[in-house]
Amino acid sequence: MPAVPLPQFDDVLDAAARIAPYAKVTPVLRASALDARAGCQLLFKAECLQRGGAFKFRGACNAVFALADDEAARGVVAHSSGNHGAALAQAARLRGIPCHVVVPDGAVGIKLARIASLGAVLHRCAATIEAREAMCAQVQAATGAALVHPYADARVMAGQGTAALELLGQAPDLDVVVVPVGGGGLASGTAIALAGLAPGVELVLAEPAGAADTLESLRRGVRCTELVPDTVCDGLRAVLGEPNFRILQAHPVQVLAVEDAETVAAMRMLLAALKLLVEPSSAVALAAVLAQPARFAGRRVGIVLTGGNADPDHLPWVAA
């Protein structure tokens, strides 16, 4: 199988122009209480307020609107635990094309309901990457739909990079940008955006300790695919994609692994201080900063709050 082409900085700029009529310019928020707790200036890019409740709309929208008309008419398909599927469904609806989403067993109910409400056809499968990919292949064969991979797609990566591009325009003079990492779409796009626009800004990736394959992959120099994820961060259980790994290898990034208890505590802090209910997969970025205060002391730190599609009936600090 040929390698997926890697997006360049110009692709991120093109994506920003392509999605501008559809994506929200999300705000950058501050909270003095969190600054005091962290010992640094925290600037939160609230992608939890993006269309569909997550940054994923950026990449999905770019991919959908980059399709030629004849290809788009056959629709799109993706596998997703929730946010990418909802984003793709929303972008497809905006373009007026069919959308199919393969969803694994155990996905968060509120996310699946959102996908269905946007008009996508749901295809259920076992909760493994192999099962997801096999079902996607079946749907492609039956419908001719174009595959829009949730993270290992150049158009998706470029679209995700627009969040950092926007953040840099709203919050100049950042020292560090911190983003969560799962499959690596946002991490890859952010690395490309920073290298093209602000190469002096450091990129730190926050990862659950129970799903730290990116940390291990970059340490080894080869992708680590054998780890079985065990984390409350349901959006970060994917294995780092192959093209995403190549991009992160080529850029100076640091990965910080965070325990779930720290992530849940950060989630509660964000609710109290910013009045935002974010997903654990989003709160992990703040948790990483709080876990290493000396690493960030006195610096201007941009944090991408990636999603707000938490199920209020199943919050991680509420007993079942």
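The side chains of Glu202 and Arg295 form a salt bridge, with N and O 2.8 Å apart. Glu202 belongs to strand S8 (residues 202-208) and Arg295 to helix H14 (residues 293-296), so the pair ties together parts that are 93 residues apart in sequence. Glu202 is partly exposed, at 30% relative accessible area. The model is predicted.

## Other salt bridges

The whole structure holds twelve salt bridges. One of them joins Asp69 and Arg95, whose closest N and O atoms are 2.7 Å apart. Asp69 sits in helix H4 (residues 69-72) and Arg95 in helix H5 (residues 83-95), so this pair links parts that are 26 residues apart in sequence. Asp69 has a relative accessible area of 63%, so Asp69 is exposed. Arg95 has 22% and counts as partly exposed.

Arg220 and Glu226 also meet through their side chains, in a salt bridge of 2.7 Å from N to O. Arg220 is partly exposed, with a relative accessible area of 38%. Glu226 is partly exposed too, at 47%. Elsewhere, salt bridges link Lys45, Glu47, Arg58 and Glu166 in a network.

## The four-stranded sheet

Four strands make an open sheet. Their order is S5-S4-S3-S6, and the pairing is parallel. Strands S5 (121-125) and S6 (146-147) are the edges, each pairing on one side only.

Strand S3 (residues 76-79) pairs with S6 in the parallel sense, over two bridges. In S6, Leu147 stands opposite Val77. Helix H5 lies across S3 and strand S4 (99-104). The helix runs at about 170 degrees to S3.

## Around Gly52

Where does Gly52 sit? Its place is the loop between strand S2 (41-46) and helix H3 (56-66). Is Gly52 buried or exposed? Gly52 is buried, with a relative accessible area of 16%. The cut-off for buried is under 20%.

Which residues does Gly52 touch, leaving aside those up to four places away in sequence? They are Gln90, Arg114 and Asn309. Leu118 is 66 residues from Gly52 along the chain, and the two C-alpha atoms are separated by 9.8 Å.

## The chain as a whole

The chain has 14 helices and ten strands. The radius of gyration is 18 Å, close to the 20 Å that the globule rule gives for 320 residues, so the chain is as compact as a globular protein of that length. Along its principal axes, the C-alpha trace spans about 55 × 45 × 40 Å.

Buried residues account for 56% of the 320 residues. Take the contacts between residues at least 6 apart in sequence: 73% of them join residues at least 24 apart. The accessible surface of the chain comes to about 12400 Å². Carbon and sulfur atoms contribute 54% of that surface.

Terms used: Residues numbered from 1 in each chain as written. Predicted model: local features only at pLDDT ≥ 70, side-chain atom pairs only at ≥ 80, totals over all residues. Heavy atoms only, no water. Salt bridge = Lys/Arg side-chain N within 4 Å of Asp/Glu carboxyl O. Buried < 20%, exposed > 50% of the residue type's maximum accessible area, 1.4 Å probe, protein only. Pairing = 2+ DSSP bridges. Contact = heavy atoms within 4.5 Å. Axes fitted to C-alpha atoms, helices over the stretch in contact; angles between N-to-C directions. Rg over C-alpha atoms; globule rule 2.2 N^0.38 Å. Areas by Shrake-Rupley, 256 points an atom, 1.4 Å probe, with all protein chains shown as cover.
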